[in-house]
Amino acid sequence: AIGQTFLLTTDGAPEAGYTLAGGAKADFSITVQPDATEAELRELLLDAGVEIVSGPSALGIYELALTQAASRDSTAEKLRAASDIIESLEMAD
């Protein structure tokens, strides 16, 4: 009876309270050096204020989105400076 009451009193909007895991728009696309470790990559991404929203693709491309109110340019500089971890970086449109 309690479950039925709950179902009858909710508005039934399935999207209420849910967000898509891949819903963030990518700010950067990167590839990672073959010898970079997961720990090094994780530390760099946390320090740069970005998170992986997609990837790796079949070509090894990761899509990253900003998680902080940092500028895209300053974040791109941090990622480019880590050339021992990041092989290539492109800014998304």
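Mentor: Helices (H or I, at least four residues) and strands (E, at least two) are DSSP runs, numbered from the N terminus. This is a predicted model, in which local features need pLDDT of at least 70, side-chain atom pairs count only at pLDDT 80 or more, and totals for chains, interfaces and linings use all residues. Residues are numbered from 1 along each chain as its sequence is written, and side-chain values use heavy atoms, leaving out hydrogens and water.

Let's start with the loop that joins strand 2 (50–54) to strand 3 (61–66), where you will find P56. The peptide bond leading from G55 into P56 is cis, and its omega is near 5°. S57 sits in the loop between strand 2 and strand 3 as well. From S57 to T31 is 26 residues in sequence, and 9.7 Å in space from C-alpha to C-alpha.

Now for the surroundings. E40 belongs to helix 2 (residues 38–48), and E40 counts as partly exposed because its relative accessibility is 34%. In helix 3 (residues 72–81), the buried residues include T75, A76 and L79. Looking down the axis of helix 3, its buried residues fall within an arc of 100° (taken from the directions from the axis to the C-beta atoms), so they line one face of the helix. Turned away from that buried side is the face of helix 3 that carries D73, E77 and A81, which are exposed.

Key: Buried < 20%, exposed > 50% of the residue type's maximum accessible area, 1.4 Å probe, protein only.
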